[in-house]
Amino acid sequence: MTRKGDTRTRKSGGVTMSTIATMAGVTQATVSRALNHPEVVSPATLDRIRAAIQVTGYVPNLVAGALASSKSRMVAVVVPSITNIVYSALIHHFIDLVRDAGYQTILVESGFSASEEEALVTALISRRPDGILLTGVHHTAQCRSLLLSAGLPVVEIWDLTQSPIDICVGFSHADAGSDVARFASSLRYTNAAVIAADDERARRRKAAFCKTYQDLGFDSPREVCVDGAASIGGGRRALRALLDQGMQNGVIFCSSDLLAHGVLIETQSRGLSVPGDFGVIGFGDQDYAADLVPPLTSVRVDRSVLGRKAADALLARIAGITPDTHAFDVGFRIIPRGTT
């Protein structure tokens, strides 16, 4: 309700492109060119248009522009967890590059639920982004069908497959698990255990670790699965479960550095020695891993390289460029430290 004498009421409508054109003494077409292709507008004209925009606070209607050009200048990113540094670090590098190319990013969180990812992808496609970045290569059949039907450029990260939706940039989780088993056996650990979070990629690393360890002639590793997302508390509870099962020594491979951190805290609280009683290996090589006591042995995936390659791949596909390969392997590396 407007009170009598209230001068703060808004006029119907607002500042439009026509307003800017009138103020700058140019046509609406010239204003449109200045906004979308400033390099083709003379500096003097561009200065007048920008001055009018600054004075009025005009914000271009990007939806209308997208309809006219069939480009939204937006890309969508779906990650399992925004707070997990593994994902946030690589997305940081991704966003930097796409922003430099003139794109803004819609970032959404799916948890580790395939059905939630499908719902998010459905909503995102309806908003017509110019491209989509997904985490992992395993999706529901309906999600995959939606993406293929939409015809949008898609980059899947943090995993590899020979049959991506469009492009994938990542590494082999099975190879990572196998290499950790070989590394542990080279250190003469005859007993082993795996602590894994409840997500598909962690389960693949766990399965590969256990199979390789057995193939090397050792007993089958003990396994503890952590419900929900990885956490320090989950790592502590998992070590308690292993001790309750009778494990007295050996190497413990954790599906994340967070779980490994929890294992270290629990060993210290019980007076157990690392690496004397137990060796501990994490995954992800988070920024704090080298500063733990003792420093944590972990598997490093270069998140900056992965983020940049994903951005380059998506921008190239948006530009209509067909790559020589549809799967980019960024690899991984075991970083030995004081816990083994």
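Buried means under 20% relative accessible area, exposed means over 50%, and partly exposed lies in between, as found with a 1.4 Å probe on protein chains only. This is a predicted model, in which local features need pLDDT of at least 70 and side-chain atom pairs count only at pLDDT 80 or more, while totals for chains, interfaces and linings use all residues. Residues are numbered from 1 along each chain as its sequence is written, and side-chain values use heavy atoms, with hydrogens and water left out.

**View A. Salt bridge between Glu 223 and Lys 206.** The closest N and O atoms of this pair are 2.9 Å apart, where a salt bridge is a side-chain nitrogen of Lys or Arg within 4 Å of a carboxyl oxygen of Asp or Glu. Glu 223 belongs to strand β7 (residues 222-226) and Lys 206 to helix α9 (residues 200-215), 17 residues apart; helices (H or I, at least four residues) and strands (E, at least two) are DSSP runs, numbered from the N terminus. Lys 206 counts as buried at 12% relative accessibility, whereas Glu 223 is partly exposed, with a relative accessible area of 39%.

**View B. Salt bridge between Arg 317 and Asp 166.** Their side chains meet at 3.1 Å, N to O. Arg 317 lies in helix α12 (residues 303-318) and Asp 166 in the loop between β4 (154-157) and β5 (167-170), 151 residues apart. Asp 166 is buried, with a relative accessible area of 9%.

**View C. Salt bridge between Glu 266 and Arg 240.** The two side chains meet at 3.2 Å, N to O. At 3% relative accessibility Glu 266 is buried, while Arg 240, at 31%, is partly exposed.
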